[in-house]
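Student: Could you walk me through how to read the pockets, helices and cores of a model like this one?

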Amino acid sequence: MDASVLERIQSCIKTIPDYPKPGILFRDITSLLQDDQAFSLSLDALAEPFLNKGITKVAGTEARGFIFGACLAQKLGVGFIPVRKANKLPRDVVGQDYELEYGTDRLEIHTDAVGKNDQVLIVDDLLATGGTVKATAELIAQLGANVHAAAFVISLPDLGGETVMEEADIETFSLFRYTGE
């Protein structure tokens with residue numbers, strides 16, 4: 001991807017100091033979504049490594065993963081799978097608990113969302129600790145499909161998510177890495 005394109009995309013990501021608590025530098029992608037050209041460029045950049053790679057489904061995690069994931073699925077010409085918090089999906093589901101900083105949460109996916117021949121790309125806006133994406137990958141595996149890779153707009157490697165993905169043998173791709181923050 002051309003460096004000027006990445007600079008254009010990155011210029012639309014706002015850094016909010018001390019949000020949601022002191023000492024945190026929050027990377028806000030809502031400003032990226034508000035710029036139609038930069039958003040379109042970000043989708044092209046996310047899709048590029050996965051074009052003609054056999055992806056059959058894109059799974060997006062609630063909530064911003066829905067935005068990038070659904071658009072990316074359309075660009076790749078495949079179906080989109082919403083991975084939701086507990087009790088939000090109307091048909092039969094499988095669920096996976098995962099660790100949060102203070103407690104646990106649960107993600108669910110429809111039991112008919114993927115099949116044994118599916119190659120799934122997991123998409124979210126941000127990779128931090130990796131818990132959400134790892135739980136998503138475990139759900140997809142429970143249904144017999146293969147996680148091809150995971151893609152993110154932003155990775156915060158100091159929070160351990162990249163290591164979690166590596167240990168889970170999940171290839172990751174991020175447009176931007178913010179270290180030391």
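Tutor: Start with residue classes: Ala, Val, Leu, Ile, Met, Phe, Trp, Tyr, Cys and Pro count as nonpolar, Asp, Glu, Lys and Arg as charged, and the others, Gly among them, as polar. This is a predicted model, where local features need pLDDT of at least 70, side-chain atom pairs count only at pLDDT 80 or more, and totals for chains, interfaces and linings use all residues. Residues are numbered from 1 along each chain, and side-chain values use heavy atoms, with hydrogens and water left out.

Student: By class, what does the lining of the largest pocket have?

Tutor: A pocket is an open set of points on a 1 Å grid over the protein atoms alone, where a 1.4 Å probe fits, with protein on both sides within 12 Å along at least five of seven lines; lining residues have an atom within 4 Å of a point. Here the lining has 16 nonpolar, six polar and 12 charged residues. Of the 34 lining residues, Arg64, Leu126, Ala128, Thr129 and Thr132 lie nearest the centre. Elements giving two or more residues to that lining include β7 (119-127) and α5 (131-142).

Student: How many residues does α5 have, and how far does α5 reach?

Tutor: Helices are DSSP runs (H or I, at least four residues), strands likewise (E, at least two), numbered from the N terminus. The expected span of a helix is 1.5 Å times one less than its number of residues. With 12 residues, α5 reaches 16 Å from first C-alpha to last, close to the 16 Å expected. Just after α5, Gly144 takes a positive phi of about 90 degrees.

Student: Is Ala45 buried or exposed?

Tutor: Buried means under 20% relative accessible area, exposed over 50%, partly exposed in between (1.4 Å probe, protein chains only). Ala45 has 4% relative accessibility, so Ala45 counts as buried. You'll find Ala45 in helix α3 (residues 36-47). Contact means heavy atoms within 4.5 Å; leaving out residues up to four places away in sequence, Ala45 touches Met1, Ile9, Phe173 and Leu175. Ala45 and Met1 are 44 residues apart along the chain, yet their C-alpha atoms are separated by 6.6 Å.

Student: Which residues of the largest nonpolar core touch the most other members?

Tutor: In soluble globular proteins, nonpolar side chains tend to be buried together. A nonpolar core is a set of buried Ala, Val, Leu, Ile, Met, Phe, Trp, Tyr and Cys residues joined through side-chain atoms within 4.5 Å. In this one, of 30 residues, they are Val58, Phe68, Leu76, Leu121 and Val153. The largest share, six residues, comes from α3.
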